[in-house]
Amino acid sequence: KRRQLGRRHPLLHFPLQTTSTMKTACLIASSLIASASAFAPAPVAKSTTALSADFSGEIGAANAELGCWDPLNFCTDQASFDKMRYAELKHGRVAQLAAWGYATTWSGARFPGCEDFPAGHEAVLKIGTENLIPVLVVAGALETLWKQKEGSFPGDFSATSFPVGFGPFAKTEADMIDLRTKELNNGRAAMMGILGMIVHEQIDGKPFIFFDKFEIYAPFGN
């Protein structure tokens, strides 16, 4: 019986040489891992585009897929956001007038005395000083007379005596948000639209791609 207790079961018997070999292999593997980790790139801190202010509630600033998409971090606070939104609205408003004027003059409509004035991009090259001065005067007057309303959203010029704004169409806060959203979206579309018309005019002389002109945009007649 003592012999039976002293006997080693073949499945539980691990020779000393095998155990030593396993320990050596583990030490070698650990050394290799440590050496490899020394040449591995250092973990880079995850960059974040989180803004110091929350713009998720701003009109046209966020969506479910991208959130507030600002990869270059132009908008770091509310003041910088308002500045960018103000510039976007101004460019959008000018682009809407430019797209409308482009289509109107391309269809043949002219102010009295400007019947021989070219349409499209050529008008920029041949505007002349006598026609450029009135444009600059009007633009300067608008920049001087229209004032931003303090404490209101960017682009609200209702603080001036000249009647601007949405007028009777914005009866409620919901109406105001709806109209502001439409203006912003139409301005964005107009910026792309006027650029596309100029480019396609230079490519093949057809700024509207599928149409030669828009009769509906000729309020002064041909």
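Reply: The largest nonpolar core has 8 residues in all: Ala-95, Ala-99, Tyr-102, Ala-103, Ala-190, Ile-194, Met-197 and Phe-208. A nonpolar core here is a set of buried Ala, Val, Leu, Ile, Met, Phe, Trp, Tyr and Cys residues joined through side-chain atoms within 4.5 Å. Buried means under 20% relative accessible area, exposed means over 50%, and partly exposed is in between (1.4 Å probe, protein chains only). Keep in mind that this is a predicted model, where local features need pLDDT of at least 70, side-chain atom pairs count only at pLDDT 80 or more, and totals for chains, interfaces and linings use all residues. Residues are numbered from 1 along each chain as its sequence is written, and side-chain values use heavy atoms, with hydrogens and water left out.

So who builds this core? H3 and H6 are the elements that give two or more residues to it, and H3 supplies the largest share, 4 residues. Helices (H or I, at least four residues) and strands (E, at least two) are DSSP runs, numbered from the N terminus. The protein chain has 6 helices and 0 strands.

Take H3 to begin with, at residues 78–106. With 29 residues at 1.5 Å each, H3 should span 42 Å, and its end C-alpha atoms are 41 Å apart, which agrees. The expected span is 1.5 Å times one less than the number of residues. Buried residues of H3 include Leu-89, Gly-92, Ala-95, Ala-99, Tyr-102 and Ala-103. H6 is part of what covers the buried residues of H3. Zoom in on Ala-95: leaving aside residues up to four places away in sequence, Ala-95 touches Ala-190, Met-191 and Ile-194. Contact means heavy atoms within 4.5 Å.

Now for H6, at residues 173–204. Its 32 residues should span 46 Å at 1.5 Å a residue, and the end C-alpha atoms are 46 Å apart, which agrees. Among its buried residues are Gly-187, Ala-190, Ile-194 and Met-197, and the cover over the buried residues of H6 includes H3 and helix H4 (122–125). Arg-180 of H6 is buried too, and Arg-180 lies over the face of Phe-153, at 4.0 Å from the ring centre. For that label, NZ of Lys or CZ of Arg must be within 6 Å of the ring centre and within 35 degrees of the ring normal. Just after H6, Gly-205 has a positive phi of about 80°.

Phe-208 comes in the segment after H6. Phe-208 is buried, at 9% relative accessible area, while Trp-106 is partly exposed at 23%. Rings of Phe, Tyr and Trp (its six-membered ring) pair if their centres lie within 6.5 Å; planes under 30 degrees apart count as stacked, over 60 as edge-to-face and the rest as tilted. By this rule there are 6 aromatic pairs. In one of them, the ring centres of Trp-106 and Phe-208 are 6.4 Å apart with planes at 90°, so the pair is edge-to-face. Trp-106 and Phe-208 are 102 residues apart, so the pair links distant parts of the chain.

How far can you trust all this?
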